[in-house]
Amino acid sequence: MFDLHGETVAYDTENNKLVIIDQTKLPNETVVLSLGKKEEICTAIKELKLRGAPCIGVSAAIALSVLANESKQTDEDGFISEFLENCEYLLSSRPTAVNLFWAVEEMKKVLFSCKGENLDNIKKALQVKALQIHGDDIECCKRIGEYGARLLENKSAVLTHCNAGRLACVKYGTALAPIYIAKENGHNLKVYADETRPLLQGARLTCYELNEAGIDTTLICDNMASYVMKNKLVDAVLVGADRIAANGDTANKIGTSGVAILAQHYSIPFYVCAPVSTFDKNTLTGDDIKIEMRSPDEVTEMHYQKRMAPDGVSALNPAFDVTDADLITAFITDKGVFSACEINKIL
């Protein structure tokens, strides 16, 4: 079995495989998958076997390199046409995650910059770029953690929603990176983790990785966030992002906007942690962000021994909601900390 060395996603160049942890099996079972076909890679993204905007982006870059290496095309036009088809196929898997689109565009740039060279050289350049994107994600998340840890120096406890830790990236994560870096610096923060229904990423994933890291973690139901804030049990909120519009409106896991509203009511700082690649200058406001609608079965049946709602009752299941920019205290990025009105410095 390929050794991930504590990472969530990797490129097995020897066997030309995208290697991931199957997050649908956590926390009770750790299963490592080696993927080489576009159908199984796309299915892994759709079924949340790999999830989190940065993780999806890195995985897409590696996937495009893997698929390029598997190509049987012998002429450049055929190779390019197949590569672009693979890009569109992957883009269809999670329409809200801007990192997916960013990574695909980065790989396209490499492809067209190498136009005219032999196919072996093009494939090698794509592999080098995929490995660079993988390595850059680790360094990027570490920088987010360093900037965030400074903001938390006088804090003792934070609230999180969904999972934006190493399981959502390659290593460190985004929203959990400040917690990890703070611990490395000798500052042990307590974490209250929203369970994050209906898929329970907070319960299954955030609690799993924080517990593994020896961080004091308490799981709460999503509807307990107000209680925790009102009773002054947390000093800050840290969340990730799947897409940030040019005005600062932020799409993140469903329930995030409600947490932001509560945080503002209780005068608790609400921080969005994300790499600069998550900011989308082509999306002007949150109204322009396409929200993925998922199967109602995730609400009515998943994680239950028996169906939890009567037959015939429908269920609404948006995967994300949009938090208005005026609810966000600051964005903690790999380039520094910015308010919504300073986003022009990032774009």
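**Notebook: patches, strands and salt bridges**

I started with the negative patch, where helix α5 (residues 119-151) gives the most, with 3 residues. Helices here are DSSP runs of H or I of at least four residues, strands are E runs of at least two, and both are numbered from the N terminus. The model is predicted: local features need pLDDT of at least 70, side-chain atom pairs count only at pLDDT 80 or more, and totals for chains, interfaces and linings use all residues. Residues are numbered from 1 along each chain as its sequence is written, and side-chain values use heavy atoms, with hydrogens and water left out.

**Surface patches**

Which residues form the negative patch? I listed Asp136, Glu139, Glu146 and Glu184. Patch residues have over 30% relative accessible area and no salt bridge; like charges are joined within 9 Å, nonpolar side chains (Val, Leu, Ile, Met, Phe, Trp, Tyr) within 5 Å. Asp and Glu count as negative, Lys and Arg as positive; His and the chain ends are not counted. A charge is placed at CG of Asp, CD of Glu, NZ of Lys or CZ of Arg.

I then checked Asp136, which lies in helix α5. Its relative accessibility is 40%, so Asp136 counts as partly exposed. The classes are buried under 20% relative accessible area, exposed over 50%, and partly exposed in between (1.4 Å probe, protein chains only).

Next I looked up a nonpolar surface patch. Met224, Tyr227 and Leu233 form this patch, with about 290 Å² of accessible area together. Areas come from the Shrake-Rupley method with a 1.4 Å probe; for residues, only the protein chains shown count as cover. Tyr227 sits in helix α8 (residues 225-230). Tyr227 is exposed, because its relative accessible area is 57%.

Is strand β10 (residues 270-273) covered on one face or on both? I found both faces covered. Phe270 and Val272 are buried on one side, Tyr271 and Cys273 on the other. Two strands pair if DSSP finds at least two bridges between them.

Strand β7 (residues 236-239) runs parallel to β10, joined by 3 bridges. Here Val237 stands opposite Phe270. Strand β13 (residues 330-333) also runs parallel to β10, again over 3 bridges. There Tyr271 faces Ala330 in β13.

**The open sheet**

I traced a sheet of 4 strands next. The order is β11-β8-β9-β12, the sheet is open and the pairing is mixed. Its edge strands are β11 (279-280) and β12 (320-323), each pairing on one side only. Strands β8 (residues 243-245) and β9 (residues 250-253) pair in the antiparallel sense over 2 bridges. I noted Thr250 in β9 as the bridge partner of Ile244.

**Salt bridges**

Side chains of opposite charge can pair when their charged atoms come close. How many salt bridges does the structure hold? I recorded 14. The criterion is a side-chain nitrogen of Lys or Arg within 4 Å of a carboxyl oxygen of Asp or Glu.

One joins Asp216 and Lys190, at 3.3 Å from N to O. Asp216 lies in the loop between α7 (201-212) and β6 (217-220) and Lys190 in strand β5 (residues 190-194), so the pair ties together parts that are 26 residues apart in sequence. Asp216 is partly exposed at 45% relative accessibility. Lys190 is partly exposed too, with a relative accessible area of 21%.

I also looked up Glu301 and Arg307, whose side chains meet in a salt bridge of 3.2 Å, N to O. Glu301 is partly exposed at 38% relative accessible area. Arg307, at 28% relative accessibility, is also partly exposed.

In another salt bridge, the closest N and O atoms of Lys345 and Glu342 are 3.5 Å apart. Is Lys345 buried or exposed? Lys345 is exposed, because its relative accessible area is 58%. Glu342 is partly exposed at 26%.

I noted a network as well: salt bridges link Arg94, Glu292, Arg294 and Glu298.

**Contacts across the sequence**

Ala340 is in the segment after β14 (336-338). Ala340 is partly exposed, with a relative accessible area of 23%. I checked Ala340 against Gly248: they are 92 residues apart in sequence and 5.1 Å apart in space, C-alpha to C-alpha.

Phe2 is in the segment before β1 (9-12). Phe2 is partly exposed at 29% relative accessible area. The C-alpha atoms of Phe2 and Ser34 are separated by 8.3 Å, with the two residues 32 apart along the chain.
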